[in-house]
Amino acid sequence: MNILMASSESLPFSKTGGLADVIFSLSKEYVKLHHNVSIVLPKYKTNKVIKGLKLTKIFQLDVKMNWRTIPTAVYHCYYLGIDFYFIENQKYFERDSLYGFYDDGERFAYFTNATVKLISSLPYKIDVVHIHDHQVGLLPCVVKTLHSEEEIFNDMKFVLTIHNPEFKGYFSKDSLFDLYNLPISLFDEGKIRLDGQVSTLKAGIVFADKITTVSPTHAKELLTYEGSKGLNFDLNLRKNDFVGILNGMDNDFFNPKKDEYIFKNYGIKDVFNGKKENKIEFCKKYNLDPTLPLFVVVSRLSSQKGIDLLYPMIEFLSYTGSNVAIVGSGEKSIEDRFLELSRVNSKHIFIYIGYNEELAHKVYASSDFLLMPSSFEPCGLSQMIAQKYGSLPVVRRTGGLADTVDCFETSDEEKKAKDITKNGFGFSSYSISEAIVTAAKAMNIYSGKKEVYKKMVKNAMKLNHTRDNSAKKYIALYESIQK
């Protein structure tokens, strides 16, 4: 099968969050299953350069957006069995970050149109186009509305995965023809209208052949008024074509046995000695006390991540006998808030603002617990990675966190350590008191019930969160719409 992934980011070239991990690791699994896989991306100024890998210009295309004809260069490289295509446009992508600009709607409209043009120019026919989130949400609509008579697009199927329903790709209906060459009637008929605006994410929901999201629990949440972020009506209309497929992690990249980033490699048999050595080196480097439990945060710093709960949890832990390390970036006001917390309690709080892959790996390997009290979490990867490294997640039971963390319960208090099956700690209500009580419970188990803690760590490390499970489910989904 010829599969094309259309996304705004993917490892190893560009990343702001878990989307990039998913695209790359899922594609690698498809290659192992003997499918032909392509990924099309913007050619960002900030793209990571891979040593020994050269991008070759293969196409010069003309991309039309209303009255504009935009000369477009397409570059290619072949990496780990995957064909990567990069859409070059200095006006739109020669910037210091991937998102957050006033013209993001226009930038990704151009990318969507350029991707359609690229597909029509390839020397082979694509069977399934898998689009991700709102940035390329209008791609199926563009193809089915404007190119349905072209042979290259005959029998082509489209799958949309919703990674983050909070961002819906809004713009005004007056820009619909200007950006996509599409008729206003699509808006007037309600097919791409949401909250009185065009929504590229809704367009993907309406025009894709199948819709997925990244965990079974989040799929159920998206069908409800409370959990849908406004998408429940449209998703319920397509519920027979909507499924939650749990994300997995890249077991090659996140593996404490062979991780080149961490201070000391270890596996399940020597996890406690290995983590102790990592923790000592980490704490020495960042002036923390290695004899205290270490709670960590590896995350975008945004409201979605439960900042209203995270801040008091960190404050409580750092003043009651624990250390906290934070690696992430996001909203400036949130960054400043955490920096101030670190400034007034620097002996117990370390913070790094930004994205640093090596440091993130060191944090996972050195930590005892991961804090992830999200307000909503479609899937989440940090909790899976933490478990792989023997760091127990402390989570709010929502979305993929509910699907991946089996939380310690009150009834477990009376069990012998050998009978404990849990692999993390959790709470349900979006409540500061519940969050702090759960963090305190984790700290007490670590300090007062060491054998229970050790059994939970080993339970976590035995979990199979690898990407091959989700890859096989996606391939089955693709095959179901090819018939």
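Helices (H or I, at least four residues) and strands (E, at least two) are DSSP runs, numbered from the N terminus. With that in hand, hello everyone, and let me show you around.

What you see above is a predicted model, in which local features need pLDDT of at least 70 and side-chain atom pairs count only at pLDDT 80 or more, while totals for chains, interfaces and linings use all residues. Residues are numbered from 1 along each chain as its sequence is written, and side-chain values use heavy atoms, with hydrogens and water left out.

Let's begin with the overall picture. The protein chain contains 18 helices and 18 strands. Its radius of gyration is 23 Å, close to the 23 Å that the globule rule gives for 483 residues, so the chain is as compact as a globular protein of that length. Here the radius is taken over C-alpha atoms, and the rule is 2.2 Å times the number of residues to the power 0.38. Along the principal axes, the C-alpha atoms fill a box of roughly 70 × 50 × 45 Å. Of the 483 residues, 58% are buried. Buried means under 20% relative accessible area, exposed over 50%, and partly exposed in between, using a 1.4 Å probe and protein chains only.

Now for some backbone details. Most residues other than glycine have a negative phi, and most peptide bonds are trans. Where is the cis peptide bond with omega near 5°? It runs from L11 to P12, and P12 sits in the loop between β1 (2–6) and α1 (18–32).

Next, two residues with positive phi. H34 is not a glycine, yet its phi is about 70°. You can find H34 in the loop between α1 and β2 (36–42), and H34 is exposed at 73% relative accessible area. D133, also not a glycine, has a phi of about 65°. This residue is in the loop between β6 (128–132) and α4 (139–146). Is D133 buried or exposed? With a relative accessibility of 8%, D133 is buried.

On to charges. How many salt bridges does a search of the whole structure find? The total is 30, where a salt bridge is a side-chain nitrogen of Lys or Arg within 4 Å of a carboxyl oxygen of Asp or Glu.

One of them joins K91 and E106, at 3.8 Å from N to O. K91 belongs to helix α2 (residues 90–93) and E106 to helix α3 (residues 104–121), so this pair ties together parts that are 15 residues apart in sequence. K91 is exposed at 55%, and E106 is partly exposed at 23%.

Another salt bridge pairs D241 with K210, with 3.2 Å between the closest N and O atoms. D241 lies in the loop between α9 (232–237) and β12 (242–244), K210 lies in strand β11 (residues 210–213), and the two are 31 residues apart. D241 is partly exposed at 24%, whereas K210 is buried at 16%.

Then there is E281 with K284, at 3.6 Å from N to O. Both lie in helix α10 (residues 271–286), 3 residues apart, about one turn of the helix. Salt bridges that share partners also join E29, K32, D252 and K258 into one network.
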